[in-house]
2 protein chains.
Amino acid sequence: MSPTEKSEPESPHELPRGFRFAGATGGIKASGKSDTSLIVSDDPCVAAAVTTTNQVFAAPVLLCRQRTPRTTCRAVITNSGNANACTGQEGLEDAAAMCEQTAARIGCAAEDVLVMSTGVIGQRLPMEKVRRGIDRASESLGNSERDFLSAADAICTTDNFRKTASATFRANGQTYRIAAMCKGAGMIAPNMATMLGVIVTDFPLSSELAQSSLRRIVERTFNRVSVDGHTSTNDTVVLLSSGQGDWVTSESDASLFVETAADVCLKLAKLLVADGEGAARFFEVAVRGAASDADALSIARCVAASPLVKTAIQGGDPNWGRIVSAAGYAGPPIDVERMSLLIEEHCVFRDGQPLAFDAADMSGRMKRASEVKLELTVGDGPGDSKYWSSDLTEDYVRFNSLYTT
Amino acid sequence: MSPTEKSEPESPHELPRGFRFAGATGGIKASGKSDTSLIVSDDPCVAAAVTTTNQVFAAPVLLCRQRTPRTTCRAVITNSGNANACTGQEGLEDAAAMCEQTAARIGCAAEDVLVMSTGVIGQRLPMEKVRRGIDRASESLGNSERDFLSAADAICTTDNFRKTASATFRANGQTYRIAAMCKGAGMIAPNMATMLGVIVTDFPLSSELAQSSLRRIVERTFNRVSVDGHTSTNDTVVLLSSGQGDWVTSESDASLFVETAADVCLKLAKLLVADGEGAARFFEVAVRGAASDADALSIARCVAASPLVKTAIQGGDPNWGRIVSAAGYAGPPIDVERMSLLIEEHCVFRDGQPLAFDAADMSGRMKRASEVKLELTVGDGPGDSKYWSSDLTEDYVRFNSLYTT
């Protein structure tokens with residue numbers, strides 16, 4: 001697959017004002033592909049970040065946490081090809097040095113630069129190459145579509161295609177822009193599916209509201225796709241707002257921004273699931289009737305993560321016992337006698353009883369669906385939620401068995 | 001692999017007195033293999049059971065729960081080829097009918113019979129075939145090695161070989177016997193890895209102590225092997241004690257029994273992991289330095305269940321970042337600066353810092369090991385625990401994609 005086959009938008013992104021972008025090659029990757037991505041805000045901007053919950057987190061994650069939320073951010077520097085994780089004190093010094101060099105090149109304080117890394121774990125950054133990448137990126141900054149895409153390319157590792165999305169919305173009589181990029185190689189995820197993302201907007205958010213909005217956006221999008229359940233040491237999503245004038249500080253005034261940004265990020269999240277030569281078929285798990293939305297999410301996540309459900313989806317096998325029983329061990333209470341399951345809108349299990357169905361016909365529907373829909377009712381509570389996942393294939397195993405050696 | 005290649009003990013099992021065994025064929029399986037297993041206690045015996053934690057549990061599981069612990073048990077009847085799960089009220093009636101017919105044939109009350117089922121979910125039991133199997137089994141009961149093995153064969157589904165183990169121990173100047181069988185098809189687990197097991201002994205346990213001892217035994221053995229994390233609707237382990245005379249009622253007096261039975265069950269648990277054409281390589285995860293044994297167990301389980309760790313083991317890939325990071329998202333607190341990892345007794349990560357090692361040499365060691373040893377230190381706490389797992393292979397995906405259709 002060509003790097004852009006799936007991801008090229010039909011029309012160019014409408015980029016928010018005030019940002020410049022660059023992708024460059026410092027030489028970190030054996031492949032010679034670009035490895036340094038730089039996003040610069042012309043003026044001090046608001047920055048928020050959501051980072052991995054893994055207790056083993058990479059050096060750049062620590063810096064991002066310390067420096068967000070913030071109102072004076074000027075840049076995000078990202079290297080791909082090396083995660084700078086499990087690298088101890090030296091790793092922290094290397095991450096700080098990346099910020100210092102970026103700051104020196106664009107003229108700001110080092111603390112106003114955020115840093116992300118993705119790639120191999122447990123090896124020190126090749127700092128000479130990293131420095132070369134930063135120098136080259138800082139010399140090629142621009143605000144064109146091409147520059148944006150170049151920055152999006154440079155954060156990729158095992159991704160088969162770059163992942164970008166954008167949208168505009170109107171509020172208070174003005175048009176605002178949201179553009180976003182992310183990386184992550186879905187199912188194949190040899191490097192633990194590190195997920196990096198950057199969202200830029202010109203909607204004027206206060207730093208506190210940027211932080212809370214980003215949490216809500218991530219919770220509804222990137223946190224609802226199943227890669228392989230292996231939370232990376234480096235996962236980071238950054239939100240930058242260059243908006244000038246009166247900052248929006250109330251959640252209600254930001255709701256349209258959150259809705260629109262969540263749409264953008266859900267597109268990216270689904271591209272994450274779609275990426276990877278391992279993944280052949282996608283599925284959506286919709287759970288309703290749980291005691292709460294959180295319970296519904298836990299159940300949906302458990303079904304989406306089950307290897308037996310994933311292999312059934314792979315084979316187009318309407319083996320509904322696997323789905324129902326995965327819900328049964330998820331944890332939240334369910335009411336078996338009110339439990340029902342639809343596969344591709346066809347009911348196979350109703351009120352705790354199996355229904356007769358044509359398995360061959362159902363298998364055909366599943367194999368033809370671009371996204372297999374599973375709708376599971378677990379009781380008569382008010383909680384519902386959705387989760388997206390991809391199947392488990394022989395290719396996943398093959399790729400992941402042959403990574404470092 | 002022949003059905004007995006891996007499992008045949010070097011010497012016959014020493015069977016506890018007071019039990020008779022039979023395996024028979026009622027015709028439930030298309031393959032024509034035996035499908036009905038009966039274990040009878042000549043006299044009323046003590047029975048305990050541990051069953052699945054899945055909220056979606058099969059009809060026989062409900063009956064086992066209602067009838068244990070108990071001092072008047074006379075039999076365990078098991079059918080394979082149909083799980084009698086997700087079958088509603090009719091399923092409960094079928095399970096009860098299995099007990100009633102068994103009771104009628106051996107001459108006891110239906111309540112003194114326990115029942116287990118394993119096989120396809122969501123289909124009613126073919127009761128005519130089930131009844132035929134019960135009749136035939138009750139006519140062929142015996143207390144020989146052959147009868148015991150025949151009963152162990154008849155509980156199998158997708159198992160590649162029968163699983164039995166036994167041991168003796170001395171207490172109070174007497175020799176006691178423990179013999180056990182289980183079924184479960186490790187990694188390939190097309191039918192959700194339903195795990196059934198029966199332990200018989202002539203050690204005289206009170207019913208309460210039998211129940212608490214069985215919980216301890218299962219917790220240390222069957223609950224420490226990773227199949228694919230998909231808890232079945234039917235998992236059941238039964239303990240029967242035919243011991244006469246003064247019942248042992250104190251935990252300290254039962255400790256030697258628990259130790260010996262745990263050794264027996266750990267052998268069976270490892271056979272579960274070893275079974276399945278999908279599984280090619282096994283590994284042990286030993287965690288120490290956690291705040292508690294329970295924390296260590298959570299971390300070990302998380303490492304053992306990670307698809308990225310499993311595929312690395314499959315490929316003989318010393319990709320230790322996957323192991324360390326899996327510990328990081330397990331949940332219990334860890335101290336990264338005191339974290340160390342040994343693979344096959346070779347340290348690759350010490351006190352939070354990577355160590356240089358020869359990856360090709362390490363890969364060779366991993367590929368040659370019959371059981372790859374991972375030793376992970378996560379802090380300086382007193383908690384330690386072990387967990388056993390098998391790798392994730394392309395065969396696992398292939399088999400599980402092609403099950404019902």
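Helices (H or I, at least four residues) and strands (E, at least two) are DSSP runs, numbered from the N terminus. The structure described here is a predicted model, in which local features need pLDDT of at least 70 and side-chain atom pairs count only at pLDDT 80 or more, while totals for chains, interfaces and linings use all residues; side-chain values use heavy atoms, with hydrogens and water left out. Residues are numbered from 1 along each chain as its sequence is written, and chains are lettered from A and ligands numbered from 1 in the order in which they are written.

UniProt positions are given in the numbering used here, feature names are shortened, and annotations may be inferred rather than shown by experiment. In the model, Thr194(A) sits in the loop between strand E6 (174–183) and strand E7 (196–201) of chain A. With a relative accessible area of 2%, Thr194(A) is buried; the scale used is buried under 20% relative accessible area, exposed over 50%, and partly exposed in between (1.4 Å probe, protein chains only). Contact means heavy atoms within 4.5 Å. Not counting residues up to four places away in sequence, Thr194(A) touches Ser117(A), Thr118(A), Lys183(A), Gly184(A), Ser232(A), Asn234(A) and Asp235(A).

The unreviewed UniProt entry also places a "binding site" feature at Thr157(A), Lys183(A), Thr194(A), Glu277(A), Asn400(A) and Thr405(A). Thr157(A) is found in the loop between helix H4 (145–154) and strand E5 (163–171) of chain A, and its relative accessibility of 24% makes it partly exposed. Leaving aside neighbours within four places in sequence, the residues in contact with Thr157(A) are Lys29(A), Ser80(A), Gly81(A), Thr118(A), Gly119(A) and Lys183(A).

Asp246(A), in the loop between strand E9 (236–241) and helix H6 (255–274) of chain A, is exposed at a relative accessible area of 73%. The C-alpha atoms of Asp246(A) and Ser207(A) are separated by 12 Å, and the two residues are 39 residues apart along the chain. Ile134(B), by contrast, belongs to helix H3 (residues 127–139) of chain B and is buried, with a relative accessible area of 1%. Not counting residues up to four places away in sequence, Ile134(B) touches Thr36(B), Ile77(B), Met98(B), Gln101(B) and Thr102(B). From Ile134(B) to Gly316(B), 182 residues apart along the chain, the C-alpha separation is 47 Å.

Turning to charged pairs, the structure holds 45 salt bridges over all chains, a salt bridge being a side-chain nitrogen of Lys or Arg within 4 Å of a carboxyl oxygen of Asp or Glu. One of them joins Arg17(A) and Asp202(A), whose closest N and O atoms are 3.9 Å apart. Arg17(A) lies in the segment before strand E1 (19–24) of chain A and Asp202(A) in the loop between E7 and helix H5 (207–220) of chain A, so this pair ties together parts that are 185 residues apart in sequence. Arg17(A) is exposed at 52% relative accessible area, whereas Asp202(A) is buried at 4%.

Asp112(A) and Arg70(A) form another salt bridge, with the closest N and O atoms 2.8 Å apart. Here Asp112(A) lies in the loop between H2 and strand E4 (113–120) of chain A and Arg70(A) in strand E3 (residues 70–82) of chain A, so the pair ties together parts that are 42 residues apart in sequence. Asp112(A) is buried at 12% relative accessibility, and Arg70(A) is buried at 18%. In chain B, the side chains of Lys373(B) and Glu371(B) meet in a salt bridge at 3.2 Å, N to O, with Lys373(B) partly exposed at 30%. In chain A, salt bridges that share partners join Lys270(A), Glu284(A), Glu371(A), Lys373(A) and Lys386(A) into one network.

Finally, the interface between the two chains: 61 residues of chain A are in contact with 61 residues of chain B. Across this interface the rule finds zero salt bridges.
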